Amino acid sequence: MAANELGSQVLFSVGPLHVTVTVVTTWAVMAALTLAAWLLTRNLRIGPGDRQTAVEGVVVAIEEAIRAVAPDHAERIQPFVATLWIYLAVANLVGLIPEASSPNRDISATAALAILVFLSVHWFGIRALGLRQYLKHYLSPSPILLPFHIIGEITRTIALAIRLFGNIMSLEIAAALVLLVAGFLAPIPILMLHIVEALVQAYIFGTLALIYLAGAMQSQHQSEESKE
């Protein structure tokens, strides 16, 4: 768990484009997940073995969690939310690798994820009911509330990015400081704390994204029902 630098180090540059450690780590996580998805989903059978049963168990658990929040739109948003959960869990755990750091201790990475959630909320809302109908909920219950709706959208996106960045950065710094003081006398508790906290932060970020998506779609659904 490297915690010697708070910023992201530039590894090399291609013209004006700087490729940082965060970018390379993110690429590595995405490549690893892609390879794992290919290995785990090939040769699927009706009578599943242990590996397929475990994978199906994870998929069913994620599907049920999403369906509990957004029962009418679970199939539509499941690929996005599930991908977000799995990516964040793996990315947060990268800090367990010696001399490596989670990409989510870089504010630029968490800001990109928060912006992705921000855009996805509107994308799924517009796809569900169309642009005109979707935009109407910003004027509900009164057009006077339009500025507050806009401010709310912006502030919750900023909070989403800062929350994940702050928690992962503080987690890796705290773990590094304890190891610096105690050496390897207390490695197991620190590793357990890191794993639990990394998974909790991934769950919180993904759940907030799910709530934002469901909230936008539900507001449209309620708006339609009120007109009927």
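Reader: In which helix does Ala82 lie?

Author: Ala82 belongs to helix H3. Please keep in mind that this is a predicted model.

Reader: Is Ala82 buried or exposed?

Author: The reading rests on the relative accessible area, and a value under 20% means buried. Ala82 has a relative accessible area of 14%, so this residue is buried.

Reader: What does Ala82 touch, apart from its neighbours within four places in sequence?

Author: With those neighbours set aside, Ala82 is in contact with Ile62 and Ile66. Ala82 and Leu210 are 128 residues apart in sequence, while their C-alpha atoms are 9.7 Å apart in space.

Reader: How should I read the crossing of helix H3 and helix H4, and at what angle do their axes cross?

Author: Helix H3 covers residues 74-93 and helix H4 covers residues 107-129; their axes come within 11 Å and cross at roughly 170 degrees. Because an angle over 145 degrees counts as roughly antiparallel, H3 is roughly antiparallel to H4.

Reader: Which residues make this contact?

Author: On the H3 side they are Arg76, Ile77, Phe80, Leu84, Tyr87 and Leu88, and on the H4 side Leu113, Leu116, Val117, Ser120, Phe124, Arg127 and Ala128. Sorted by class, the contact of H3 with H4 comprises ten nonpolar, one polar and two charged residues.

Reader: How is a nonpolar core to be understood, and how many residues does the largest one have?

Author: In soluble globular proteins, nonpolar side chains tend to be buried together. Here the largest nonpolar core has 38 residues, and those with the most contacts inside it are Ile66, Ile77, Val81, Leu84, Leu88, Val117 and Phe205. Two or more residues each come from helix H2 (50-69), H3, H4, helix H6 (146-182) and helix H7 (187-227). H3 provides the largest share of this core, eleven residues. As for Val81, its contacts beyond four places in sequence are Ile66, Gly206, Leu210 and Leu213.

Reader: How are aromatic pairs described, and how many are counted?

Author: A pair of aromatic rings is described by the distance of the centres and the angle of the planes. The count for this structure is three aromatic pairs. In one of them, the ring centres of Phe80 and Phe124 are 6.1 Å apart and the planes are at 50 degrees, so the pair is tilted. Since Phe80 lies in helix H3 and Phe124 in helix H4, the pair ties together parts that are 44 residues apart in sequence. Both Phe80 and Phe124 are buried.

Reader: Why is the pair of Trp85 and Tyr203 called stacked?

Author: Their ring centres lie 5.9 Å apart with the planes at 5 degrees, so the pair is stacked. This pair links distant parts of the chain, with Trp85 in helix H3 and Tyr203 in helix H7, 118 residues apart. Trp85 counts as buried at 11% relative accessibility, whereas Tyr203 is exposed with a relative accessible area of 51%.

Reader: Where is Ala114 found, and what does it touch?

Author: Ala114 is part of helix H4 and counts as buried at 1% relative accessibility. Not counting residues up to four places away in sequence, Ala114 touches Thr157, Leu160, Ala161 and Phe205.

Key. Residues numbered from 1 in each chain as written. Predicted model: local features only at pLDDT ≥ 70, side-chain atom pairs only at ≥ 80, totals over all residues. Heavy atoms only, no water. Axes fitted to C-alpha atoms, helices over the stretch in contact; angles between N-to-C directions. Helix = DSSP H or I, 4+ residues; strand = E, 2+ residues; numbered from the N terminus. Parallel < 35°, antiparallel > 145°, perpendicular 65-115°, else oblique. Contact = heavy atoms within 4.5 Å. Nonpolar A, V, L, I, M, F, W, Y, C, P; charged D, E, K, R; others polar. Core = buried A, V, L, I, M, F, W, Y, C linked by side-chain atoms within 4.5 Å. Buried < 20%, exposed > 50% of the residue type's maximum accessible area, 1.4 Å probe, protein only. Phe/Tyr/Trp six-rings, centres within 6.5 Å; stacked < 30°, edge-to-face > 60°.
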